[in-house]
Amino acid sequence: MVDEIPSYPTLNQNLNVDVCVIGAGFTGLSAALHLAEYGQRVCVLEAHTVGAGGSGRNVGLVNAGTWARPDDLNQYLGEQAGEKLTTALGLAPKLVFDVIDKYGIDAQDTRTGNLHMAHNKTGELDVDIRYQQLSRRGANVEVLTGAKCHEYCGTTKINKALLDKRAGTVNPFAYVTGLGIAANNKGVAIFENSPVTQISREGNDWLVHCNQYTVKAQKVVIATNAYTEGEWTNIHKCFYFVEYYQIASEPLSGEVAERILPYRNGSWDTRMALSSIRRDKDDRLLLGTVGKLSGKPKSFFLNWANHVQKHYFPDLPKFSWQYEWCGKFGFTPDHIMRIFEPAPGIVAASGFNGRGITTGTLFGKAFADYLQTGDQEVLPIPFKQVDECELSFCKARSWATEAGLTLYHAGQFLKIIP
C-alpha cells in the first residue's frame, strides 16, 4: 500500500516549455525527470492521475530483458541492434534501483533477483536455453534445481527455475508516484485530469491542446502506450491490448507463509497463461495472470486464484483474498517494443509487452538523452515508422487472445489443465 498519494492540478493556463511530456507513467515521468536533470523546462500532461494506467497496475517485477530470448532478438533486429537492446535491458534493473536510491523513493523494493519457474519439461528446456544465452553474455543468472529450487520458490511443484540476480521487485504504484514527486521537486510541472486532444505545429514549435489551453513546446514525448486515448496520435495501431488480472491476500503469517518465496524474489511460471507470484511488504500473497476481469462472473478469477494457491502452496492455512484489480498492456507479435519519431521534435514509445518498469524507465531516460543531444546512438533500438508497424485486426487479435486465455483458465480450475 502507499500511505500518501500526491495530487496535481489540472491545466488551467497556457504554458511555454522546452518539452511537453504526455502521460504520467514510468516512461513519461522518467523522461521528465531526466530532462529536468539536463535543466530543461518540462511539463507533464496526464489524462487521469499519476499511475492510473498500466504503471500503477503493474505486477511489480523489475526484470531484465524482454519476453523474447536474446538470440531471438538478434534474429528480429539483426545482431548488432539485438545485442545493443539486450545489453541495455540487462542494465535496466540497475537504472531503476539507482533512480530509487538517488531520489530516496520509498518503492518498497527488493533486490534479490526474480525467478522464471519451469512448470513442466518444456518449461525446463526453455529455462536451460535462456540460461545458456544469458550466461554466454555475462549475465548474473543461475539455474536452480532440486532442494534449492524448492527452497527459493517455496513449492515442490517447481523443480527447475532460472534465478536472474540482476532483477527484483517494487510496489509499482509507489515507484511511479515516487517518480512524480522526484520530477516535481526538480521543477517539472505535472498536470492531472488534463487529456490531450490535439497536437499542431506553430512555426518551429508544437502546440499541445488540452482543456481549452495549449502548451507550446519545442519537443514532445508521447508516453501513453496502452492507455492512449483519442485520435490525436495513431501509435495505438502498432500493438493490441492484453489485460492482466491480479489478486492480493490478507497479510499472512506463520511458518508455512514464510516458506513462500522466502528471499522476496518475484516470480512467474512458464504456462501459456502464466501465473505471477510475489509477496509484498505486508506479507500479502499476490497472484496475477493474463486475462480480462470485466465481463466475467466474480467467481471466475477467484476460482483461478484458489486453484493456483492450492496447486503451489497446498499447506497454506485458510485465508481471505482482500484486493483485486486489472490493467492492460500493449502487446506486439515479436514481444519487442517500438519507438517512433513521427515528426521532428516528437518521440513516442509503445508495445512494452508487460515489461513496463524497466523498459519505461530506460526508454524515458533514453528519450531525454536523445532530445538533449540529438544523437540516435543513445537510443536502445532504432526508430520505426508508424506505418510499417501497424497491425491488422488489432481488436480481433485482442478478442482472440482473451478467448484463449478464458478457456485456459477455465481448464485450470476445472482441473482439465493441471
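Before I start on pairs: two strands count as paired if DSSP finds at least two bridges between them. I also note that this is a predicted model.

**Entry: strand β6**

I began with β5 (residues 141-145) and β6 (residues 160-164). Five bridges join them, and they run antiparallel. I looked up valine 143; its bridge partner in β6 is leucine 162.

Next I checked β4 (residues 114-118). Five bridges join β4 to β6, and these strands run antiparallel. Here alanine 118 has lysine 160 of β6 as its bridge partner.

Is β6 buried or exposed? I found five of its five residues buried, so β6 is largely enclosed by the rest of the structure. I recalled that side chains in a regular strand alternate between the two faces of the sheet. I then sorted β6 by side. Lys160, Leu162 and Asp164 lie on one side, and Ala161 and Leu163 on the other. Both faces are covered, and these residues are all buried.

**Entry: the whole sheet**

I traced the sheet that holds β6. It is an open sheet of eight strands, in the order β5-β6-β4-β13-β14-β15-β12-β16. The pairing is mixed. Which strands are at the edges? I found β5 and β16 (321-331) there, each pairing on one side only. Neighbouring strands are turned by 20 degrees against each other on average, direction ignored.

I then went to the β16 end. 10 bridges join β12 (residues 240-249) to β16, and the two run antiparallel. I looked up serine 249 of β12, and its bridge partner in β16 is tryptophan 321.

What packs on this sheet? I found helix α8 (residues 299-312). It touches β12, β13 (266-269), β14 (275-279), β15 (285-290) and β16. The direction of α8 makes about 120 degrees with that of β15.

**Entry: helices α1 and α3**

I turned to a helix pair. Two packed helices are described by the angle between their axes and the distance between the axes. For α1 (residues 26-37) and α3 (residues 79-103), I read an angle of about 60 degrees and axes 13 Å apart. That angle makes α1 oblique to α3. The crossing of α1 and α3 is left-handed.

Which residues make the contact? From α1 I listed Leu33, His34 and Glu37; from α3, Val99, Lys102 and Tyr103. By class, I noted three nonpolar, one polar and two charged residues in the contact of α1 with α3.

How values were computed. Residues are numbered from 1 along each chain as its sequence is written. This is a predicted model: local features need pLDDT of at least 70, side-chain atom pairs count only at pLDDT 80 or more; totals for chains, interfaces and linings use all residues. Side-chain values use heavy atoms; hydrogens and water are left out. Axes are lines fitted to C-alpha atoms, for helices over the stretch in contact, and angles run from 0 to 180 degrees between N-to-C directions. Helices (H or I, at least four residues) and strands (E, at least two) are DSSP runs, numbered from the N terminus. Angles under 35 degrees count as roughly parallel, over 145 as roughly antiparallel, 65 to 115 as roughly perpendicular and the rest as oblique. A crossing is left-handed if the near helix is turned anticlockwise from the far one by less than a right angle, and right-handed if clockwise. Contact means heavy atoms within 4.5 Å. Ala, Val, Leu, Ile, Met, Phe, Trp, Tyr, Cys and Pro count as nonpolar, Asp, Glu, Lys and Arg as charged, and the others, Gly among them, as polar. Buried means under 20% relative accessible area, exposed over 50%, partly exposed in between (1.4 Å probe, protein chains only).
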